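Welcome, and please open the model in your viewer with the selection panel at hand. We will go from stop to stop, with something to select at each one.

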Amino acid sequence: MNTIISQQPLSAPHLLAEGIFSPSRADTNYTTHSMAASNRKRKASEEPSDNERMSTSPSVSPSISGRLLPHPLHRNIKRTRTGTGAVGTPLALPRLLETLSADSMRELLQNICDRHPSLQSEIASMAPRPSVDSALTVLSRYEQSFREAFPLGNRHTSDYAYNRVRTHLLALIDAVREFTPHFLPPHETQDSLSLAYLDAVTHMIHRLPDWDTFQHRRHKNEAYDEIAQAWASVLRAAAKRAGGFHLSFGGWDQKLLDHSRSSAGKMEAAAQELKLAQGLHHHMAAGQGMNTSSSSSADASVGDERASIRQQLFSGTYGHGLGVGQGRW
């Protein structure tokens with residue numbers, strides 16, 4: 001029995017399976033040409049989608065052919081121009097000073113003087129001179145703070161009240177002690193301003209409490225002594241300049257005597273200086289009166305002598321006893 005052997009070479013099984021189940025290269029080319037032809041048949045106005053464009057483009061990698069790419073965002077975003085916009089800057093010094101309160105200004109100047117002590121004299125020389133009203137306004141604030149510090153329901157002269165207000169009391173007394181020399185001669189040349197300040201400050205000292213404890217009273221007693229010396233210095237200067245006559249004219253002599261009585265004799269130094277000023281005034285007034293009377297007597301005698309000479313001339317007897325007018329003609 002003859003066996004017919006195929007002349008075709010045997011192929012490997014996996015090659016046979018590939019040939020059966022895998023599409024051939026020709027089929028793949030045919031499919032590609034068919035898709036290209038169908039795409040050309042579309043209308044000219046219809047644009048292919050991004051997926052189709054990616055799938056038909058030969059330059060796109062197959063690994064990203066099915067990936068969706070984001071659409072570009074077309075939004076109108078206004079860009080800020082560099083170099084032309086508003087730029088933040090510190091406030092100018094004149095405008096900055098306008099925003100400061102009086103307390104902030106004082107604190108600022110004090111801090112500057114503390115850091116630069118050489119500026120203290122310059123600032124003091126450039127600052128306007130404080131008036132009597134401005135100084136008394138500051139002292140009134142200190143006195144008001146002292147009054148408001150008293151505890152409620154307690155006697156104002158008790159030790160408990162003293163301990164509560166001691167800080168404010170010392171602040172008031174220190175302010176008076178530092179303001180007073182500014183209004184004394186020779187720095188202050190107007191006696192009326194000096195006396196007006198001293199009169200108001202002396203009333204403040206009268207209003208201080210007379211504490212129950214003797215040791216606590218030393219603050220008020222010392223204030224009386226210092227203000228009495230201030231009165232005395234002003235009275236001495238006034239007596240030298242004008243003989244003390246304007247003290248009576250302004251009523252300052254009576255005001256000082258009232259202060260001396262209110263202080264229970266603690267301003268005796270000022271009262272004694274007032275008596276000296278008044279005594280000088282009376283002495284000068286008496287001297288002026290004596291000079292006036294002597295000059296009046298001299299004028300009267302001269303007038304009498306002139307009248308006698310005139311009478312002798314009229315009667316022809318002038319010079320007979322002295323040999324005047326006797327001679328030959």
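A salt bridge, as the term is used on this tour, is a side-chain nitrogen of Lys or Arg within 4 Å of a carboxyl oxygen of Asp or Glu. Keep in mind that the model is a predicted one.

**First stop: helix α8**

Select Arg177 and Asp174, which form such a salt bridge, with the closest N and O atoms 2.9 Å apart. Both residues belong to helix α8 (residues 159–179), where a spacing of 3 residues separates them by about one helical turn.

**The whole chain**

Zoom out and switch to cartoon. The chain has 13 helices and 0 strands, and buried residues account for 22% of its 329 residues. In total, the structure holds 10 salt bridges.

**A bridge between separate parts**

Next, select Arg207 and Glu143, a salt bridge whose closest N and O atoms are 2.8 Å apart. Arg207 sits in the loop between α9 (191–206) and α10 (218–242), while Glu143 is in helix α7 (residues 132–148), so this pair ties together parts 64 residues apart in sequence. Is Glu143 buried or exposed? Glu143 counts as buried, because its relative accessibility is 10% and the cut-off for buried is under 20%.

**Helix α4**

Move to Arg95 and Glu98, another salt bridge, with 3.0 Å between the closest N and O atoms. The two lie 3 residues apart in helix α4, about one turn, and both are exposed.

**The nonpolar patch**

Stay here and show the surface. Select Leu91, Leu93, Leu96, Leu97, Leu108, Leu109, Ile112 and Ile123: they form a nonpolar surface patch with about 620 Å² of accessible area together. Helices α4 (93–98) and α5 (102–115) each supply at least two of its residues. Ile123 comes from helix α6 (residues 119–126) and is partly exposed, at 31%.

**Last stop: the largest pocket**

Which residues line the largest pocket? Select Met105, Arg106, Leu109, Gln110, Cys113, Gln120, Ile123, Ala124 and Ala127 to see them. This pocket has a volume of about 390 Å³. Helix α5 gives the largest share of the lining, 5 residues, and by class the lining has 6 nonpolar, 2 polar and 1 charged residues. Leu109 and Ile123 belong both to this lining and to the nonpolar patch.

Key
Residues are numbered from 1 along each chain as its sequence is written. This is a predicted model: local features need pLDDT of at least 70, side-chain atom pairs count only at pLDDT 80 or more; totals for chains, interfaces and linings use all residues. Side-chain values use heavy atoms; hydrogens and water are left out. Patches are made of residues with over 30% relative accessible area and no salt bridge: like charges are joined within 9 Å, nonpolar side chains (Val, Leu, Ile, Met, Phe, Trp, Tyr) within 5 Å. Accessible areas come from the Shrake-Rupley method with a 1.4 Å probe; for residues, only the protein chains shown count as cover. Helices (H or I, at least four residues) and strands (E, at least two) are DSSP runs, numbered from the N terminus. Buried means under 20% relative accessible area, exposed over 50%, partly exposed in between (1.4 Å probe, protein chains only). On a 1 Å grid over the protein atoms alone, a cavity is a set of points where a 1.4 Å probe fits but cannot get out, and a pocket is an open set with protein on both sides within 12 Å along at least five of seven lines; lining residues have an atom within 4 Å of a point. Grid points are joined across faces, edges and corners, and a volume is the space filled by probe spheres set on the points. Ala, Val, Leu, Ile, Met, Phe, Trp, Tyr, Cys and Pro count as nonpolar, Asp, Glu, Lys and Arg as charged, and the others, Gly among them, as polar.
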